[in-house]
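Subject: Structure handover and notes

Dear colleague,

I am passing on the structure we spoke about, with the sequence alongside it. Please open it first and keep it in view while you read the notes.

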Amino acid sequence: MGKKVTVVGAGFYGSTTAQRLAEYDVFETVVLTDIIEGKPEGLALDLNQSRSIEGFETKVVGATTGVDGSGYEAIAGSDIVVITAGLPRKPGMSRMDLLGVNAKIVRGVAEQVAKHAPNAVVIVVSNPLDEMTALAQIATQFPKNRVIGQAGMLDTARFTHFVAEELNVPVGSVKTLTLGSHGDTMVPVPSRCTVDGKPLSDLLPADKIEELVTRTRNGGAEVVALLKTGSAYYAPSAAAARMAKAVAEDSGEVMPVCAWVDGEYGISGVYLGVEAEIGATGARKVVITDLTESELAGLNEAAEAVRAKQADVAGL
């Protein structure tokens, strides 16, 4: 105990993440902030009143923040900050369509994090994910290992779910992996996908696997189209909360995340979806996995696509 985690943004994603983090009961304090006056305080009061029922002691603190930086003193000394601030997608929008508007929001938040929680590990979940992760690092000036993005955990979870449903097997028997970017250049890694230890390619024909890959790539858009307003938050918040827990516990768990890649896979100088060992310092190290030639080509393609956009983001 004694750890403090902040979730910036009290929309569905942020509030659900705060709830999960509080219910783990591994933090002393969860701070929830938002620019809508009273909203984070109201949610915090509500969450605190669930403590005796769910059996956790973590205190939830709500704080309204202003564009001028007021209210951010509540996050002082946070060990971890999860940035969910920004607009969600609407039906028909790509993640890239959010670039300009969310860049301003994420930059403003990141500057306040640097000021009030200078030793924090930052987990970015705002879209477009890879670009916002790069921007948060630029704006905080934190060491690159201390700024990571949540994407691969979610994409892998979606892929796992689709495979389990297709084969009608328990979700716990399925292992999958996605790397690359959170979006069009996502790289699912069929060579690392197994069901009860058997290669997925032994159980499903290539065209069916490709169909599930496509559905995974469009996983967020599928939810957005059904919801009509807002975007996914149950699975995304579960992914972000698990990353924060791994940081808090210094677990060294290997997770697919958006991390700074500098030489691994022959790729340098870009934030990209890879597997990394997660601990108290953020991404302790990128873990290199055996990839087929086509998977490696896909990863390189993703790196170049993201690199171009991350260069643009520096000026936003």
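The notes below go from the whole chain to single residues.

This is a predicted model, in which local features need pLDDT of at least 70 and side-chain atom pairs count only at pLDDT 80 or more, while totals for chains, interfaces and linings use all residues. Residues are numbered from 1 along each chain as its sequence is written, and side-chain values use heavy atoms, with hydrogens and water left out.

Overall form

The protein contains 11 helices and 14 strands, where helices (H or I, at least four residues) and strands (E, at least two) are DSSP runs numbered from the N terminus. Its radius of gyration is 19 Å, which agrees with the value near 20 Å that a compact globule of 316 residues would have; the radius is taken over C-alpha atoms, and the globule rule is 2.2 Å times the number of residues to the power 0.38. Along the principal axes, the C-alpha atoms fill a box of roughly 55 × 45 × 40 Å.

Of the 316 residues, 53% are buried, a term that means under 20% relative accessible area, whereas exposed means over 50% and partly exposed lies in between (1.4 Å probe, protein chains only). Among contacts (heavy atoms within 4.5 Å) with a separation of 6 or more, 69% join residues 24 or more positions apart. The protein exposes about 13500 Å², and carbon and sulfur atoms supply 53% of this area, as computed by the Shrake-Rupley method with a 1.4 Å probe, where for residues only the protein chains shown count as cover.

There are 28 positive and 39 negative side chains, and the centres of the two sets lie 3 Å apart. Lys and Arg count as positive and Asp and Glu as negative, with His and the chain ends not counted, and each charge is placed at NZ of Lys, CZ of Arg, CG of Asp or CD of Glu.

The annotated domain

An unreviewed UniProt entry carries the annotation "domain: Lactate/malate dehydrogenase C-terminal" for residues 154-309; positions are given in the numbering used here, feature names are shortened, and annotations may be inferred rather than shown by experiment. Over residues 154-309 the chain is 46% helix and 26% strand, and the end C-alpha atoms are 22 Å apart.

Residues in loops

A151 sits in the loop between β6 (147-149) and α6 (152-167) and is buried, with a relative accessible area of 5%. Apart from neighbours within four places in sequence, A151 is in contact with L129 and H182. G55, in the loop between α3 (51-54) and β3 (59-64), is exposed at a relative accessible area of 56%.

Backbone geometry

Most residues other than glycine have a negative phi, and most peptide bonds are trans. The peptide bond from N127 to P128, however, is cis, with omega near -5°, and P128 belongs to the loop between β5 (121-124) and α5 (129-140). D196 has a positive phi of about 50° although it is not a glycine; D196 lies in the loop between β10 (194-195) and β11 (198-199) and counts as exposed at 57% relative accessibility. D250 also has a positive phi, near 50°, and is placed in the loop between α10 (234-248) and β12 (253-262), where D250 counts as partly exposed at 39% relative accessibility.
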